[in-house]
Amino acid sequence: MLAGFVLASIAARFIFPGISLDGRTMWLLRSSPLAMRELLWSKFWVGTIPLLFFALAPVLTTGILMHVTAFIMAVSVLTITMMTFAIGGPAVGFGALFPRFETENAAQIPTSFGGLLFMMASIVMIGCVITLEARPVFNYLASKSFGAEQNLTDMIWDFGLTAVVCIVTTLVPLNTAPQEAGKPGSLERLTGLARDRSWHRTARRSRPWARKHRRSPHPPTACT
């Protein structure tokens with residue numbers, strides 16, 4: 001559970017702002033042959049794979065140091081792997097649904113409304129995974145400690161539902177975000193705003209007299 005919260009906080013800081021950080025160049029990406037779905041999936045893999053290695057390292061190290069059984073080790077590794085993908089998907093999806101192209105500081109992006117929704121969705125997903133896996137793990141520990149019988153059918157159902165929850169949580173945001181972002185007036189309006197601001201800044205820098213005489217109501221004229 002603690003590992004899931006740590007992964008969610010890291011994803012909110014580094015994966016969620018991915019689309020917003022494109023900012024002024026997003027309109028170039030939209031005008032290129034690259035589809036929005038491919039762009040989101042590329043950001044998903046680039047952000048999730050390093051996060052997966054970061055998640056597996058402490059889980060494997062803790063399991064080896066504590067000399068856990070093969071069952072607990074397998075459950076821990078598979079669970080943290082599915083949770084990593086289930087956190088990376090909403091991070092990219094919510095980041096595309098609620099972009100903040102006008103933000104200058106990247107640290108402000110996770111504190112937006114979209115970042116709050118992403119963290120709430122991650123907490124709900126982590127709670128569902130813990131609830132579904134509590135019974136099979138408890139039955140396994142009870143069978144090892146007290147000789148209780150194990151119900152393999154319930155174990156398969158619980159772990160299967162856990163996998164379904166993680167897969168749905170991963171795929172739904174990544175498939176919904178390209179459709180919503182492709183609607184007129186949503187992402188096009190924001191990228192147009194970022195492009196206009198970039199153009200005005202470039203034009204302002206290319207006119208040195210505008211900075212020197214910005215308080216003057218008239219531009220400088222040549223002396224006769």
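Tutor: Gly93 is buried, at 0% relative accessibility (buried is under 20% relative accessible area, exposed over 50%, partly exposed in between, with a 1.4 Å probe and protein chains only). The model is predicted, so local features need pLDDT of at least 70 and side-chain atom pairs pLDDT 80 or more, while totals for chains, interfaces and linings use all residues. Residues are numbered from 1 along each chain as its sequence is written, and side-chain values use heavy atoms, without hydrogens or water.

Gly93 belongs to helix α5, residues 70-97 (helices are DSSP runs of H or I, at least four residues, numbered from the N terminus). Beyond its neighbours within four places in sequence, Gly93 contacts Pro173, Leu174 and Ala177 (contact means heavy atoms within 4.5 Å). The C-alpha atoms of Gly93 and Pro178 lie 8.4 Å apart, across 85 residues of sequence.

Thr169 is part of helix α7. With residues up to four places away in sequence not counted, Thr169 touches Ala86, Pro90 and Met125. Its side chain also reaches the backbone oxygen of Val165 at 2.6 Å.

Helix α7 (residues 152-181) also holds Asp158, and helix α6 (residues 113-146) holds Arg135. The side chains of Asp158 and Arg135 form a salt bridge, N to O 3.1 Å (a side-chain nitrogen of Lys or Arg within 4 Å of a carboxyl oxygen of Asp or Glu). The pair therefore ties together parts 23 residues apart in sequence. Asp158 is buried, at 7% relative accessible area, whereas Arg135 is partly exposed at 42%. A search of the whole structure finds one salt bridge.

Terms used: Helices (H or I, at least four residues) and strands (E, at least two) are DSSP runs, numbered from the N terminus. A polar contact is a pair of N or O atoms within 3.5 Å; within protein, one must be able to donate a hydrogen and the other to accept it, and residues adjacent in sequence count only if both atoms are side-chain atoms.
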